[in-house]
Every structure is written in structure tokens, then in C-alpha cells.
Amino acid sequence: MNIHEHQAKDLLKEFGAPVSNGFIIFESKEIEKKIKLLNSEKLVIKAQIHAGGRGKAGGVKLVDRSEVQTEVNKMFGKILVTHQTGPEGKKVKRIYIQEAYDIETELYLSCLVDRESSKIAFISSTEGGVDIESVAKQNPEKILTTKIDLKKSLTTADIEKVIKIFSLNTDQKKDAKKLLNALYNILIQKDASLIEINPLVITKQKKLVCLDAKMNFDDNAMYRRPEILKLRDLNEEEHVEIEASKFGLAYIKLNGSIGCMVNGAGLAMATMDIIKLYGQEPANFLDVGGGASKEQVAAAFKLILSDKKVKGILINIFGGIMRCDVLAQGVVEAAKETNIKVPLVVRLAGTNFKKGKEILDKSGLKILSASDLNDAAKKIVGAIK
């Protein structure tokens, strides 16, 4: 689960990190009252959407205090199109206004769960303000990764390892200590999976300040983090993904033409790969899980068909707890209810697969049966052509 920059900064401030001064507004009329909280004559207005690249899309503006109202009016309701939003873009519905800083140096700092080593990884770089992925490709020597065992708190030695690439003075190191402890504690206490500060700046007054912040949280932990769950902004999420979450389905919309329904994340990835191998693109990632009910399967089928780009559907069920007869019944009911008009290829292998095949064969629907994954991919790609 993602949250907005202003929410991330509030959390950082709550945990003692040095954060830029600013406020959030949801309507232009809020400015007159809230702007009194800021002292700077130069201010930055920042569109709040769940996507990077806002600055290049016109979503970040440096303005004089007297220009704030005019620029905010222009930004509210604007559709920002960035490399992360897709061509449809995202509409600006909230704006963060912060004090501008005289910047001397831009740095990068992030904290995340490293699944490979089962440790907490801090990534620090002197190349702040740009995509860290670009730095990793072009100047990998400018990135320092420090992996730390899970424990109650960071040691002074841990902190020194993370920040040594920054060449900070004594006062800046004190602020860095507060910041690193805040990142670590939020990660542990709030079930964050990634916290990114980019840029982390040193001002000309030699102060260390978090100028931007991004946080992701573990969806599976939200049942025990109601204070984080309430920060969720449904306006920033795909409608079908919200619907999928209501049925306990793992669904991610993609841009292809072949809808996929699979049981198991690994098998779903393999299914998408083989679709690409045969020259087409998947329209979605959809894992119905190991024990999906007939109702969940029907909901999953309808979600796939709600995407107008879908020209065919591939259902791939293999082994595990998932009962093929339950899936088949759900597919038949949903297909009849939605009056499906696109090709449908089904590959079943596992519990009650013979019963499942029998249900599909007797359904009266035009269903192409596949013997294995390779056969299924060939058939669905051939069918939509």
C-alpha cells in the first residue's frame, strides 16, 4: 500500500526526523489560513499523486508567496502524465505546500526489507534528486548498500556505515542519526516495506532536511495497522484492483490483450512469460489463490472482462488445494452472466480436474481445452489472431 508524500512526512516528523515545513490542502480556499504557518517568501507547491516524475509533468512549482493562490488554482484538477502513471495520467486532488530551501547538496537515502538476506537494507548515495535506477546503471560506485540484522535499535556503528558516503559534519550527523532511527522504527513498528528520501538535502545553512518522501507498506499487515490503513487513498488506485481486494483476489492491471486467471503467484508469472514468448502481452496479473470459492472465481472472471482491452482469456489451474470443479462452475456461471464474446482457453491439472473438465464440456460455452501450459499459450494467442 502506498501513501502520499505529505502523509510520509507526517510519519517521519512523528518519529523525530528532520522534515521540511509544509501543509496539505484539499481546496484552494484553505491557503489563506494555512499559509501563515510558513515563513519563507519562496514556496514550493507539489501535486500529491502516487507516481514519480511529478516535476517533469508540471506537478512541482517554485513560486513567490504572492503567486501561490494563482498556481494552486491552475494545479487543482490537472491531469499529470508521468512515466509511472501511464498515458491516462492522474488527476490532482490534493496539494502540498512547503517552504523552499537554498540547497547545497542533494543526497539519496532509503530503507527496505531485503528478502534475499532477511535483513534491513539501507541504500545511500551522493546522487540525490534523480532516479536511483539510473545511478545504479551509470555510476554504481556512488551507491552504498548497508545490510543490518533485525534488532531493537541501530547502533552508532550501523549509522556510521550508512552515512559515511555523505561526508557530514558533526551537527549533520546528529540529524542523520535521528533520521536513520526514524526510518528503521517506521519500517519495524508500522510494517513498511520501503521508505525512500529523495532528495535528502544539505542546505546552504548546513542543515539536513528531508525534501521528499515515499513510503510503501505491506498489504498483508494492514489488519494490525488501522492507523496506516486509514491513510489509503482509493482515488489513486485502479477501480478493478479495489474491487479485487474486496474478494481477497490479487489483481494488477496491465496493458496487454490476454486476460489471465491463475492459482499461485509463481504460476501466474510463468503464464505471463509464456504469453509474451508467443508474441502477445498479458492484460493482468490475477492470482485466485489456493482455496478460492465459486463466488471468488466468478468475481475474478468478471474483473478480467471489465477490461475493454481483453481480446481473449487464459485460465491456468495446476495442482494445489484449488478444486478444478469449483473453478469450472464459477467460470461457467460468470461466462453465462456476462455473455462472454472473447476466446477462452482453459488448462486444468489438479484436484478434481476431470470433474472440472466435464462441467466445462457440458456448459455449452465455446471453450478451448489445453493439455499443458505451452499448448494453452499457443491456443489463446492463435485464437485472438
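**A sheet and its helices**

In this predicted model, helix 1 (residues 5-14) lies across strand 1, strand 2 and strand 6, and runs at about 50° to strand 6. Helix 3 (residues 68-75) also packs on the sheet, where it touches strand 1, strand 2, strand 3 and strand 6. The direction of helix 3 makes about 10° with that of strand 2.

The sheet itself is open and consists of four strands in the order 1-6-2-3, with antiparallel pairing. Strand 1 (22-25) and strand 3 (60-64) are the edge strands, each pairing on one side only. From one strand to the next, the twist averages 25°. Strands of a sheet pair through backbone hydrogen bonds, either parallel or antiparallel. Between strand 2 (residues 42-47) and strand 6 (residues 95-99), the antiparallel pairing extends over five bridges. Ala47 has Ile95 of strand 6 as its bridge partner.

The protein as a whole has 13 helices and 18 strands. Its C-alpha atoms fill a box of roughly 75 × 50 × 40 Å along the principal axes. Of the contacts with a separation of 6 or more, 68% join residues 24 or more positions apart. Of the 385 residues, 49% are buried. The accessible surface comes to about 19,200 Å², and 50% of that belongs to carbon and sulfur atoms. The mean positions of the 60 positive and 50 negative charges are 2 Å apart.

Asp307 lies in the loop between helix 10 (294-305) and strand 16 (312-318). Its relative accessible area is 8%, so Asp307 counts as buried. Leaving aside residues up to four places away in sequence, Asp307 touches Lys253, Leu254 and Ala283.

Definitions and conventions. Residues are numbered from 1 along each chain as its sequence is written. This is a predicted model: local features need pLDDT of at least 70, side-chain atom pairs count only at pLDDT 80 or more; totals for chains, interfaces and linings use all residues. Side-chain values use heavy atoms; hydrogens and water are left out. Helices (H or I, at least four residues) and strands (E, at least two) are DSSP runs, numbered from the N terminus. Buried means under 20% relative accessible area, exposed over 50%, partly exposed in between (1.4 Å probe, protein chains only). Contact means heavy atoms within 4.5 Å. Accessible areas come from the Shrake-Rupley method with a 1.4 Å probe; for residues, only the protein chains shown count as cover. Lys and Arg count as positive and Asp and Glu as negative; His and the chain ends are not counted. The place of a charge is taken as NZ of Lys, CZ of Arg, CG of Asp or CD of Glu. Two strands pair if DSSP finds at least two bridges between them. Axes are lines fitted to C-alpha atoms, for helices over the stretch in contact, and angles run from 0 to 180 degrees between N-to-C directions.
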